[in-house]
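Hi,

Here is the model I promised to pass on.

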Amino acid sequence: MSLTGYRRRLLTPAQRVALVCLLHAGALGVAWWHGSSRLLLNGHSGGRAVALGRLAGLLLGSSVLFQLILVSRLPWIEPSLGCDRLYRWHRRLGFSIGSLLLVHPALLTVGSARRHHLAISRQFMDLAADWRTGLAMAALVVIVLMVTLSTPVIRRRLTYETWHMSHLAMYVALVLGSVHQAGGVEMAGQPWWADYWFAMQIAVIGGLVVFRAGRPIFRSARHRFRIDRIVTESDDVTSVYLTGRQLDRFAFRPGQYVNVVFLSKGRWSPHPFSFSAAPNGQFLRVSIKAAGDFTDRIRELTPGTRALLEGPLGAFIAAEAREKYLMVAGGIGITPIRALIESLAAAGRDIVLLYSVKTANDLVFASELRGLTAHCHFIVSRYTGTTETDADHAGHERGRIDLPMLARLVPDVRDREVFICGPQPMMKVVAAALDTLQVRESSIHYEQFA
């Protein structure tokens with residue numbers, strides 16, 4: 001068998017994650033059945049509720065650990081799946097955890113009350129008197145707060161810094177929950193499960209520490225990233241050029257991004273920024289739009305300021321070489337697109353760009369993009385000129401990217417690999433138009449840029 005054929009037979013990263021989850025579910029099921037099957041089958045009052053409550057607790061603890069795995073930047077899954085997909089899984093699982101948080105204590109309290117012939121309120125007070133249950137209740141409060149803050153209505157009202165710092169409390173909940181679970185029936189009666197659970201926690205937390213903290217610190221110590229210069233690209237977009245040591249050994253792919261911490265007073269929270277220039281061994285460039293929080297103060301940074309970089313991250317890359325590409329960008333979504341175009345143009349690829357902005361003043365990298373590809377189409381949705389024909393004279397399309405525009409400007413779209421980055425509403429419209437134009441789903445790559 002050829003090496004290529006062998007690789008094709010290997011499990012994909014998503015399949016590996018699913019296999020690990022399946023194996024863990026099997027081990028969890030064995031541990032739960034061994035400790036709770038009698039309660040489930042003996043028919044005594046409250047037995048089933050207690051057994052199911054224990055199962056909910058085991059699932060809850062496992063879900064929290066899986067949440068951490070999804071954001072640990074593990075090199076075996078993150079580069080292939082991409083942070084976009086992992087964070088979507090993380091967010092959906094977080095809301096599922098909310099139901100387990102309610103079911104676990106409710107079933108245990110009701111079931112125990114029936115078994116002991118007590119009022120539910122009395123049983124609850126008896127359970128709460130145990131110090132391990134107190135720790136669990138504290139963890140419950142923390143996790144409920146995290147889930148609440150992540151709901152779209154509240155999340156939109158928080159600054160990125162506030163939201164990010166609040167999520168650090170999840171580690172406190174993990175410690176509290178672990179101590180609580182150490183006294184569980186499954187742990188006490190089955191040493192193999194206690195050893196397995198302890199080893200799994202060590203592995204998850206170890207991976208988190210190594211890849212979320214250790215690797216960025218090591219790379220920053222190695223490369224000594226610092227601001228070289230700051231360039232104004234438009235009224236609200238700024239490019240920060242970073243330099244350092246051995247940048248030719250800092251490997252990233254065009255289309256990826258990094259979480260950046262500028263080591264300056266008041267700017268210690270990491271923010272995700274895309275590379276807007278392809279690797280060159282001389283400098284790194286991230287381009288940032290003022291979005292009402294720390295990003296409004298980017299231009300206050302000074303050359304020489306040190307920076308801590310976590311990454312590169314993301315799977316928004318041209319993994320397979322194709323001859324023809326279509327790049328669709330909206331607003332600040334042009335940043336990873338611009339880096340992709342630079343690398344593909346250097347390889348002699350046929351590239352068409354559709355770049356949509358509100359006004360002509362919002363265009364960034366216009367001259368750079370024109371120099372990289374002859375097929376640039378700038379689309380302005382709100383024109384502020386004095387005549388109806390000024391937009392056409394400036395070489396800009398008017399309106400929004402939709403099905404008729406795609407069919408007119410890119411008649412061979414079905415033959416192209418498509419990359420889309422920008423606001424979610426624009427991406428949905430473009431994706432629907434591409435589907436109508438019968439572009440293969442496997443040829444469409446996207447990254448949401450909020």
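For residues 386-393, how many contacts beyond four places in sequence does the model have? There are five, and pLDDT stays under 50 over that stretch. (pLDDT is the predictor's confidence in each residue, from 0 to 100; contact means heavy atoms within 4.5 Å.)

Some housekeeping. This is a predicted model, so local features need pLDDT of at least 70 and side-chain atom pairs count only at pLDDT 80 or more, while totals for chains, interfaces and linings use all residues. Residues are numbered from 1 along each chain as its sequence is written, and side-chain values use heavy atoms, with hydrogens and water left out.

On confidence, the protein chain averages a pLDDT of 86, and 93% of the residues score at least 70. Residues 1-8 have pLDDT below 50, and the model gives this stretch two contacts beyond near neighbours in sequence.

Now the overall picture. The protein chain has 16 helices and twelve strands; helices (H or I, at least four residues) and strands (E, at least two) are DSSP runs, numbered from the N terminus. Its C-alpha atoms fill a box of roughly 85 × 55 × 50 Å along the principal axes. Of the 450 residues, 46% count as buried (under 20% relative accessible area; exposed is over 50%, partly exposed in between, with a 1.4 Å probe and protein chains only). Among contacts in the chain with a separation of 6 or more, 69% are between residues 24 or more positions apart.

Helix 11 is worth a look. Its 33 residues, 191-223, reach 46 Å from first C-alpha to last, close to the 48 Å expected at 1.5 Å a residue (the expected span is 1.5 Å times one less than the number of residues). Helix 11 also bends by about 40° at Gly214, with Pro216 following within four residues; the bend is the angle between axes fitted to the seven residues ending there and the seven starting there. The buried residues of helix 11 include Trp193, Trp197, Phe211 and Pro216. Its buried residues pack against helix 2 (13-41), helix 3 (47-70), helix 9 (169-181), helix 10 (185-189) and strand 6.

Then the sheets, where two strands pair if DSSP finds at least two bridges between them. One is an open, antiparallel sheet of three strands in the order 1-2-5. Strand 1 (226-232) and strand 5 (284-289) are its edges, each pairing on one side only. Neighbouring strands there are turned by 25° against each other on average, direction ignored (axes are lines fitted to C-alpha atoms, for helices over the stretch in contact, and angles run from 0 to 180 degrees between N-to-C directions). Six bridges join strand 1 to strand 2 (237-243), and Arg229 has Tyr241 of strand 2 as its bridge partner.

Another open sheet has three strands in the order 4-3-6, again with antiparallel pairing. Its edge strands are strand 4 (271-274) and strand 6 (307-313), and the twist averages 30° from one strand to the next. Four bridges join strand 3 (257-262) to strand 4, where His271 is the bridge partner of Val260.

Last, a parallel pair: strand 7 (324-330) and strand 8 (350-357) are joined over seven bridges. Met327 has Leu353 in strand 8 as its bridge partner. Six of the seven residues of strand 7 are buried.

Cheers
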